[in-house]
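Biologist: Hi! Could you walk me through this one? I'm still new to reading structures.

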Amino acid sequence: MTLTYFELKRFIKNPKNKICLAILVLFFLVLFGFNQLSVNQQFKTMTLASTTTNLQQTKQSVAAIKTQVASAPEDTMLAKQLILSQEQEKMLSEQLKALTADDLDRFATLAYEADLAALKSGDMAGSDDDQNRLNSSNYYLAVKAVGGKMGLMANDAADASLKTGSAILHWLSATTLLVLITVLISDVVSSDIESSQIRFYQLIGGRKFRQLVLKLLLPIGVVGVVTVLTFAGIYLISGLLIGFGTWHYPYSLTDGRIFPIWQLSLKSLGLFLVSLLFIGSMGQLLSLIFKKSLVVIGLIVVCLTGFLTLEREVWFQPFKKFIPFEYLGYGRLINDIKLLPDHFLLIGVVYLVGLSLIFLSISACLYHQYYYRKVGKL
């Protein structure tokens, strides 16, 4: 227990770790503020502009069809087209009024009614547009089933639980965050070697496997607690500003499946902790090989950024599922559902944990050998 307290205190008091933890919290808060003040407003402005343009074009279309109908009153196809265009004009006009009044729920209801009418007509049955309309309609019904309010689009509403859950889902997959985590937890052992602090463990009975595990788990625990507390703060601030909402609020994945946001948030946090274990254990192994913290951090960052660069290439897509860096974030996984095997989350967890155990086992051997080599020189 004394050793645990000593390592914890030492990790938190380290100037580099203090700075990184502060940056970690600031990273989340800045993203939250930017999303609240800029992204949402920009999207609303774009939606308002596009709805206005569509309404103007529809009015012009209605006027042109009326002229055609007047010259050919016996044409039933033209008459039907006129009715459909007039209905669309009315719907767009109502949507524009709803947007102007900031009544986003009414805007979404009108869009749902339009999608429902298009689905019933069957004009585009089997097409991608038809599937998108079906997904949108199912999402609207799922939101109403839990008493939620809609936003301008799916997964976007003035609901603190949805906002916070979406942030957990996507921000914990950010490469910038993973680079920061690498600096925080991957060079603990190499820092000890560089500073000769590793000699201290000989004085308290030698460097043992549990000490190596402690050096791995304590930084992970600190980073995990700080992350959870920061998101709790974001949820509290957002809730006071826009309402706390419900954690049963639905979230739609890219393939149309719908899950409550609490479920996706828990999966994201769980995979985040497993990702910390993978990065930390890899850092320990590299620390015992190279014994230089900058080298350890540099190698992992190069791997992360290299994967980020390659994942955009078309030829690399079939190979992504074999690379462990693909599984460092649930938000990344749900965007690649079509490329990944079934039960991809379970596969990712087993893959990362398995590699972490292998890294830890090799590190334990190197740690033990390093100890005896040092003793032999004394």
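Biologist: Great. What kind of model is it, and what is the average pLDDT of the chain?

Modeller: This is a predicted model. The protein chain has an average pLDDT of 83, and 91% of the residues score at least 70.

Biologist: And where does pLDDT stay under 50?

Modeller: That happens over residues 372-378. For that stretch, the model has five contacts beyond four places in sequence.

Biologist: Okay, new topic. How many salt bridges does the structure hold?

Modeller: There are eight salt bridges.

Biologist: Which residue does glutamate 94 meet in a salt bridge?

Modeller: Glutamate 94 meets arginine 106, at 4.0 Å from N to O. The pair links distant parts of the chain, with glutamate 94 in helix H3 (residues 76-100) and arginine 106 in helix H4 (residues 104-121), 12 residues apart.

Biologist: Which residues are linked in a network of salt bridges?

Modeller: Glu311, Lys320, Arg332 and Asp336 are.

Biologist: Where do aspartate 336 and lysine 320 sit in the chain?

Modeller: They sit in loops, 16 residues apart. Aspartate 336 is in the loop between helix H13 (330-335) and helix H14 (344-377), while lysine 320 is in the loop between helix H12 (293-310) and H13.

Biologist: Are aspartate 336 and lysine 320 buried or exposed?

Modeller: Both are buried. Glutamate 311 is buried as well.

Biologist: Let's move to helices. At what angle do the axes of H7 and H11 cross?

Modeller: The axes of helix H7 (residues 175-185) and helix H11 (residues 261-290) cross at roughly 50° and come within 10 Å. That angle makes H7 oblique to H11. The crossing of H7 past H11 is right-handed.

Biologist: Which residues make the contact?

Modeller: From H7, they are Leu177, Leu178, Ile181, Thr182 and Ile185. H11 brings Phe272, Leu276, Ile279 and Gly280.

Technical notes. Residues numbered from 1 in each chain as written. Predicted model: local features only at pLDDT ≥ 70, side-chain atom pairs only at ≥ 80, totals over all residues. Heavy atoms only, no water. Salt bridge = Lys/Arg side-chain N within 4 Å of Asp/Glu carboxyl O. Helix = DSSP H or I, 4+ residues; strand = E, 2+ residues; numbered from the N terminus. Buried < 20%, exposed > 50% of the residue type's maximum accessible area, 1.4 Å probe, protein only. pLDDT = per-residue confidence, 0-100. Contact = heavy atoms within 4.5 Å. Axes fitted to C-alpha atoms, helices over the stretch in contact; angles between N-to-C directions. Parallel < 35°, antiparallel > 145°, perpendicular 65-115°, else oblique. Left-handed = near helix turned anticlockwise from the far one by under 90°.
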